[in-house]
Amino acid sequence: MGGPPGDDPLDAAQERRVRAVLALGGVPQADLPDGVQQVRLRLLERAANGQEAPRDVSAWAAVVASNLAMDWHRARRRQERIGERLSALRQSDLPSGEETSLLSLAVARGLDELPDAQRQVVVLRFYADLPVRGIAEELGVPEGTVKSRLHTAVRALRARLHEDEVV
């Protein structure tokens, strides 16, 4: 965004994190800039409404991005998203190669098959790198619920990877 450096409510690292959460949540590459802008807008709206800034802007932005991704995910058919998610993953810093492609495809399909609440905590924990306590606070659920969802989701993802004979 233009203007003085202090005008943007998200710094570069926070924007990268938001982009990653959106991409891993299934938002296509072409829609990532709009998703980042929506997170910025929500942060600015909070300030305009006189609400206090979030204690941890980075965590708050990751949760908002995760919620946006869940909304998008619900609105699209499953097969349309897989190819776009893989494209976003290929553009990240992952090593290339057939094994990585197979693993990426299996993980993308596995994430796609998870219930929304489980996919959300997996993305926030392992891709946005939020602690369990932070996820629980941001989502307004007990830490035990986050742990349970993570456990169930990881077990399902692991089974999917074995099923696809990727690991």
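Visitor: Which residues of α2 are buried?

Guide: Buried means under 20% relative accessible area, exposed over 50%, and partly exposed in between, with a 1.4 Å probe and protein chains only. In α2, Leu32, Gly35, Val36, Val39, Arg40 and Leu43 are buried. Viewed down the axis of α2, these buried residues fall within an arc of 140°, so they line one face of the helix. The arc is taken from the directions that run from the helix axis to the C-beta atoms. This is a predicted model: local features need pLDDT of at least 70, side-chain atom pairs count only at pLDDT 80 or more, and totals for chains, interfaces and linings use all residues. Residues are numbered from 1 along each chain as its sequence is written, and side-chain values use heavy atoms, with hydrogens and water left out.

Visitor: How many residues does α2 have, and what span does it reach?

Guide: The expected span of a helix is 1.5 Å times one less than its number of residues. Helix α2 covers residues 32–48, which is 17 residues. From its first C-alpha to its last it reaches 24 Å, close to the 24 Å expected. Gly50 follows α2, and its phi is positive, near 80°.

Visitor: Take Val36 in α2. Which residues is Val36 in contact with, leaving aside its neighbours within four places in sequence?

Guide: Contact means heavy atoms within 4.5 Å. Val36 is in contact with Leu10, Glu15, Val18, Arg19 and Leu22. Its relative accessible area is 1%, so Val36 is buried. Leu10 is 26 residues away from Val36 in sequence, and the two are 9.2 Å apart in space, C-alpha to C-alpha.

Visitor: Now the whole fold. How many helices and strands does the protein have?

Guide: Helices (H or I, at least four residues) and strands (E, at least two) are DSSP runs, numbered from the N terminus. Here there are 8 helices and 0 strands. Along the sequence the pattern reads α-α-α-α-α-α-α-α. The protein has 167 residues, and 40% of them count as buried. Of the contacts between residues at least 6 apart in sequence, 66% join residues at least 24 apart.

Visitor: Which residues of α8 are buried?

Guide: Val146, Leu150, Ala153, Leu157, Arg160 and Leu161 are buried in α8. Seen down the axis of α8, they fall within an arc of 95°, so they line one face of the helix. Helix α8 runs over residues 143–163, has 21 residues and reaches 30 Å from first C-alpha to last. That is close to the 30 Å expected.

Visitor: His162 is also in α8. Is His162 buried or partly exposed?

Guide: His162 is partly exposed, with a relative accessible area of 47%. His162 and Ala106 are 56 residues apart in sequence and 9.5 Å apart in space, C-alpha to C-alpha. Thr145 is partly exposed, at a relative accessible area of 26%. Between Thr145 and Val132 there are 13 residues of sequence separation and 9.6 Å in space, C-alpha to C-alpha.

Visitor: What is phi of Asp129 near?

Guide: Most residues other than glycine have a negative phi. Phi of Asp129 is near 60°, a positive value in a residue other than glycine. Asp129 sits in the loop between α6 and α7 (132–139). Asp129 is exposed, with a relative accessible area of 55%.

Visitor: How many cavities of 30 Å³ or more does a search of the whole structure find?

Guide: On a 1 Å grid over the protein atoms alone, a cavity is a set of points where a 1.4 Å probe fits but cannot get out, and lining residues have an atom within 4 Å of a point. Grid points are joined across faces, edges and corners, and a volume is the space filled by probe spheres set on the points. The search finds 1 cavity. The largest cavity has a volume of about 50 Å³.

Visitor: Which residues line the largest cavity?

Guide: Gly25, Ser66, Ala69, Met70, His73, Arg119, Gln120 and Val123 line the largest cavity. The elements giving two or more residues to this lining are α3 (57–75) and α6 (116–127). Helix α3 gives the most, with 4 residues. The lining divides into 3 nonpolar, 4 polar and 1 charged. Ala, Val, Leu, Ile, Met, Phe, Trp, Tyr, Cys and Pro count as nonpolar, Asp, Glu, Lys and Arg as charged, and the others, Gly among them, as polar.

Technical notes: 1 Å grid on protein atoms, 1.4 Å probe; cavity = no way out; pocket = protein on both sides within 12 Å on 5 of 7 lines; lining within 4 Å.
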